[in-house]
Amino acid sequence: MVSLLTKIFITFASWFGNTEAVAKEIGKGILQIDGTEVAIKKIKEVNAEEVLEYDAILIGSPNHMGGPTRAVKKLIDKLGNLGLEGKKGAVFDTYVRKNVHVGKTVRKMEKKIKAKIAGMKLIVDGLSILVKGVRGPIAEGELSKCGVWK
Ligand SMILES: Cc1cc2nc3c(=O)[nH]c(=O)nc-3n(C[C@H](O)[C@H](O)[C@H](O)COP(=O)(O)O)c2cc1C
């Protein structure tokens, strides 16, 4: 049987739970669209091959020293080996250094994806969410931005 569902896979790195909360909020927004199915998984639990059964792959990372975490970079490298022809992708980050580091990590992830994952098409600009301290919480009003992917 042909599935009419759009299957979305969301994976994230998160040391203190903030990027995880963003991932869940994005997932909630996407589920409001008819015909979507969402799976959310911690990056360390992801087996790269499992993304092959999804139509779109969203990857989230906290900003660590101005870029994605090592686990995120490793996953992008592994996904690159799979080619991922025809898959859609998008990225999100959380960061603390207001103004200075907004968008910095998502831009690095996008650059790496473009360089490594030949078949993936980034469908929307990366989303960057401000947190108020290294451990959070997420700053006021930021979670509502997660609806951009609705
Ligand atoms: C080792 C480390 C390095 C960090 N470096 C930066 C940084 O360069 N710029 C920044 O804005 N935030 C930085 N942060 C703050 C993280 O962005 C923040 O801890 C993260 O967004 C919280 O998300 P999480 O709860 O999902 O881990 C750093 C945090 C850690 C733990």
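A: Terms first: helices (H or I, at least four residues) and strands (E, at least two) are DSSP runs, numbered from the N terminus. Residues are numbered from 1 along each chain as its sequence is written. This is a predicted model: local features need pLDDT of at least 70, side-chain atom pairs count only at pLDDT 80 or more, and totals for chains, interfaces and linings use all residues.

Q: OK. Where is G103?
A: G103 sits in the loop between β4 and α3.

Q: How exposed is G103?
A: G103 counts as partly exposed, because it has 15 C-beta neighbours inside 10 Å. The cut-offs: buried means 20 or more other C-beta atoms within 10 Å of the residue's own, exposed means 12 or fewer, and partly exposed is in between, with C-beta atoms placed from the backbone.

Q: What does G103 touch?
A: G126 and S128, not counting residues up to four places away in sequence. Contact means C-beta atoms, placed from the backbone, within 7 Å.

Q: Switching to α2. What span should it have?
A: Helix α2 covers residues 70-82, and its 13 residues should span 18 Å at 1.5 Å a residue. The rule is 1.5 Å times one less than the number of residues. The end C-alpha atoms of α2 are 19 Å apart, which agrees.

Q: Which α2 residues are buried?
A: V72, L75, I76 and L79. Seen down the axis of α2, the buried residues fall within an arc of 100°, so they line one face of the helix. That arc is taken from the directions from the helix axis to the C-beta atoms.

Q: What do they pack against?
A: The buried residues of α2 pack against β3 (56-62) and α3 (104-116). On the face turned away from the buried side, α2 carries the exposed residues R70 and N81.

Q: What comes after α2?
A: G83, with a positive phi near 80°.

Q: Now the core. Which residues touch the most other members?
A: In the largest nonpolar core, with 34 residues, those are I10, I26, L58 and F92. Such a core is a set of buried Ala, Val, Leu, Ile, Met, Phe, Trp, Tyr and Cys residues joined through C-beta atoms within 7 Å. Its largest share, 5 residues, comes from α1.

Q: What about the buried residues of α1?
A: They pack against β1, β2 (36-42), β3, β4 and β6.

Q: Last topic, the ligand. Which residues come nearest?
A: Of the 20 residues around the ligand, S14, F16, N18, T19 and T94 come nearest. Near means a C-beta atom, placed from the backbone, within 6 Å.

Q: Which element gives the most to that shell?
A: α1, with 3 residues.

Q: What's the make-up?
A: The shell divides into 8 nonpolar, 10 polar and 2 charged residues. Ala, Val, Leu, Ile, Met, Phe, Trp, Tyr, Cys and Pro count as nonpolar, Asp, Glu, Lys and Arg as charged, and the others, Gly among them, as polar.

Key: Contact = placed C-beta atoms within 7 Å.
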